[in-house]
Amino acid sequence: MSRVRVFVVDDHSLFRSGVRAEVEPAVEVVGEAGDVAAAVAGIRALQPDVVLLDVHLPGGGGGDVLNAVLATHPGVRFLALSVSDDPGDVIGVIRGGARGYVVKAISGPELCEAITRVHAGDAYFSPRLAGFVLDTFTGDAPVPLDPELDALTRREREVLRLIARGYTYKETAERLHISARTVETHVSAVLRKLQLSGRRELSRWAAARNLT
Amino acid sequence: MTGHRPSYHRLVDHPASSATGARLRPGWIVLLACLDVLVVAAFLWAAEHTSQPPLPLLVVLLATTVGVVVGPWAWLVARRLAGEATAGRILRRVLAGGTVLAGAGVVVAALIAAGERNGADGAGSVAMFAILVAGLLLLVGVVVLPWLFLLTRTLARERAARVRAEERAEVATHLHDSVLQTLTLIQKRAGDPAAMARLARHAERELRGWLYGPDADAPADLAGALRVAAAEVEDRFGVSVELVTVGSCPLDERARGVVAAAGEALTNAAKHAGVAKVSLYAEVAGAELLVAVRDRGRGFDPAATGRDRHGLAESIMGRMQRLGGTCTIHAAPGSGTEVELRLQVGRTT
């Protein structure tokens, strides 16, 4: 099986080369970019499997890259990463179409696992993202959801809670006495709910935050 | 790097250099004023020393005078205010109002003149009055109001620039005190990886608190207090604590107790687990407060543990019991440890 082709988008060249050094043997970094325009052009030209996308970018933000690329190349998968502690930013890129979120302090092997998972079409929730999502669905977050349409099931909530506590998918499955595949299904369902409600409310949310 | 280097000079907007269309150059203004004075003087002299011209000529003369006085000024002001939607609208309205008023005066005068054969005098004064009032209106609307507007705008811009400069100074001070100092220390202690990691973590935390968080020195809620507790453990033992909180609650006596118990659990994990990362999770859902401290370290057998380890667990358990909560420990040799603290709390925030 050929290696996963990865494109890195981050405005710090030091970080880009760091990522390259950490993941390079396991996956193939085919290109990188430091701003929105270069990222969109590069991704369209190279058509990578997975894009590592910084949430904050000069010339727009990660959301702009998502919108532009997914409009023309819906098959490209995105994994968001940032140092941001702002749930609004992170939930924003997830609702914009990213399939996962990791913090930049993540270790090389964990990042490779996240890339593989996102490439396989699954969602990758880091503990912090799980926490943000739980907060969002609890209603404390700056991104309110429609509670009728977007409520999490009890099982989904349990899964997220364990991931937020630092459990891997496998450990979560063992703790809940379900299969790892079922955990993935639950996490993907949560992602779908976020993105569906995201499409519905993105414009409203963007307007409220003066992003339009 | 793509040449994206934000410079402070770019952050500060220079009002003087931003192009706002035509500038009112002093030379032109003086010239204009002299011309206006001359025309008005000539007009006054003519009114005194020559016989009154026929009505149409009088009207044309008056209109020209007002036009010469106000017109160029209005043109300059209009260009100056090109970017200001509200001011431009008001200016256009005043101009239109003045023109309509003058036109109406002329029409009324013409009607009067047509109505009575000898009424040329009366018609003349009506027309003159209308044009003078229109001129006054234009003077106030086109000269005084824009002048006041431009003056206030300049003042507001100066104040904004001052505020930005102060903010910039604050950012610079903060970066100097935290990041630059840390970078200097890291350069000096490049041979000591543990110290470097600790310094970097400390600087990161401080910067994060400053960028995203409320006052980290005096946490007001559970999440803030846990952040402080996690920071202490990170600094003391050189491990990293991955903190995730969902919801929060006010930091009352019991919540403080839970934070202290969580701090002890973190300390245990840092000391005994033999791993570089510990997870700390806190959730306030409904009336229940849950804190979980988890590591993937060497773990232990809770049933057959040494006196030392047992005592530590006991101190966490004892504390939770006194608070009226519970403490559960999931652990097995080789598969890490998880300490779960639960407490019923009153209302949530």
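This is a chat about a few features of a predicted model.

Trainee: Which strands form the open sheet in chain B, and in what order?

Mentor: The order is S1-S2-S3-S5-S4, and the pairing in this sheet of 5 strands is mixed.

Trainee: Which are the edge strands?

Mentor: They are S1 (240–246) and S4 of chain B, each of which pairs on one side only. From one strand to the next, the twist averages 10°.

Trainee: What about the hairpin of S4(B) and S5(B), how many residues lie between the strands?

Mentor: There are 5 residues between them, and in this hairpin B:Gly334 takes a positive phi near 90°.

Trainee: Switching to helices. At what angle do H7 and H8 of chain B pack?

Mentor: The angle between H7 (residues 222–237) and H8 (residues 253–273) of chain B is about 25°, and their axes are 10 Å apart.

Trainee: Why call H7(B) and H8(B) roughly parallel?

Mentor: Their angle is about 25°, and angles under 35 degrees count as roughly parallel, so that description applies to H7(B) and H8(B).

Trainee: Is the crossing of H7(B) and H8(B) left-handed or right-handed?

Mentor: H7(B) and H8(B) make a right-handed crossing.

Trainee: Which residues meet there, from H7(B) and H8(B)?

Mentor: On the H7(B) side they include B:Leu222, B:Ala225, B:Val233 and B:Phe237, and on the H8(B) side B:Val259, B:Gly263 and B:Leu266 are among them. The residues of this contact of H7(B) with H8(B) divide into 12 nonpolar, 2 polar and 2 charged.

Trainee: New topic: where is A:Glu171?

Mentor: A:Glu171 is in helix H9 (residues 169–176) of chain A.

Trainee: What does the side chain of A:Glu171 make a polar contact with?

Mentor: With the side chain of B:Arg294, at 2.6 Å.

Trainee: Leaving aside its neighbours within four places in sequence, what is A:Glu171 in contact with?

Mentor: With those neighbours set aside, A:Glu171 is in contact with A:Gly166, B:Arg294 and B:Arg296.

Methods:
Residues numbered from 1 in each chain as written. Chains lettered and ligands numbered in written order. Predicted model: local features only at pLDDT ≥ 70, side-chain atom pairs only at ≥ 80, totals over all residues. Heavy atoms only, no water. Axes fitted to C-alpha atoms, helices over the stretch in contact; angles between N-to-C directions. Helix = DSSP H or I, 4+ residues; strand = E, 2+ residues; numbered from the N terminus. Parallel < 35°, antiparallel > 145°, perpendicular 65-115°, else oblique. Left-handed = near helix turned anticlockwise from the far one by under 90°. Contact = heavy atoms within 4.5 Å. Nonpolar A, V, L, I, M, F, W, Y, C, P; charged D, E, K, R; others polar. Polar contact = N/O pair within 3.5 Å; in protein donor to acceptor, adjacent residues only side chain to side chain. Pairing = 2+ DSSP bridges.
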